[in-house]
Amino acid sequence: MPKLLFIFTSAGTSLLGRKIGWYLPEASHPYAILAPHFEIDFASPQGPNPPIDPLSVETFKDGDSLKFLSDPVIQEKLANAKKIADVKAEDYDGIFYVGGHGPILDVASSPENAMLASKIFQAGKITAAICHGPGALVGAVDKDGKSIFKGRKFTGLSNREEEIFGTVLTQDVPFSLEDRLISLGGLFECAEPHQCRVVVSDNLYTGQNPASGKLLAQEILKTLQK
């Protein structure tokens with residue numbers, strides 16, 4: 001059975017002290033679609049028990065999200081999440097970065113993550129991320145040493161959506177995802193705020209926001225089942 005790696009943030013607070021973490025539906029919705037077909041491991045910069053964004057728990061009460069929080073298999077995976085530094089790229093057929101504001105605070109600056117993502121991408125394997133997840137890939141490079149975003153289309157949480165949260169404007173996070181990835185040569189695409197948008201460019205798969213998780217997972221499934 002093919003193996004996928006879900007990467008979560010270990011950051012539980014924003015730059016201004018707001019409680020953050022990984023965003024529930026950006027893990028629960030893709031997991032529900034992919035888990036029946038693939039073996040899925042979890043990892044984060046610090047390993048076990050990556051913190052969940054409490055706002056996402058309060059906001060999303062759909063069946064997939066509630067199951068993700070109660071399923072003993074999933075909870076064991078979270079409790080025993082690997083450290084990114086201990087992960088071997090050759091063990092996986094693809095990688096998936098769960099969003100939430102956390103990834104751009106810690107995963108983005110992790111040299112171990114940059115090395116892992118670069119190896120996955122350079123091997124032609126699916127390199128996927130949702131919402132703020134693409135921000136975790138700022139250090140990933142292709143075989144020529146160039147950013148994996150250079151010349152490729154991508155999506156992620158837009159500046160308009162970020163303004164709704166009020167995070168970049170208050171310097172609650174280190175950078176605007178849209179601006180930073182465009183500066184790396186990425187070609188940004190997005191839908192209206194809170195609408196679904198998924199972009200596939202070579203083996204870079206990105207989803208704009210929580211509403212995009214299911215479609216992003218379906219695109220990953222379609223590719224890996226070929």
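How many residues lie between β8 and β9 in the hairpin that they form? There are two, and D202 in the turn has a positive phi of about 55°.

The views show a predicted model, in which local features need pLDDT of at least 70 and side-chain atom pairs count only at pLDDT 80 or more, while totals for chains, interfaces and linings use all residues. Residues are numbered from 1 along each chain as its sequence is written, and side-chain values use heavy atoms, with hydrogens and water left out.

**View 1. Strand β9 and its two partners.** Helices (H or I, at least four residues) and strands (E, at least two) are DSSP runs numbered from the N terminus, and two strands pair if DSSP finds at least two bridges between them. Strand β8 (residues 198-201) runs antiparallel to β9 and is joined to it by four bridges, with S201 standing opposite L204. Strand β5 (residues 126-130) pairs with β9 in the parallel sense, also over four bridges, and A129 has T206 as its bridge partner.

**View 2. The packing of α1 and α8.** Helix α1 (residues 25-34) packs against helix α8 (residues 213-224) at an angle of about 35°, with their axes 8 Å apart; axes are lines fitted to C-alpha atoms over the stretch in contact, and angles run from 0 to 180 degrees between N-to-C directions. The contact (heavy atoms within 4.5 Å) includes H29 and I33 of α1 and A217 and L221 of α8.
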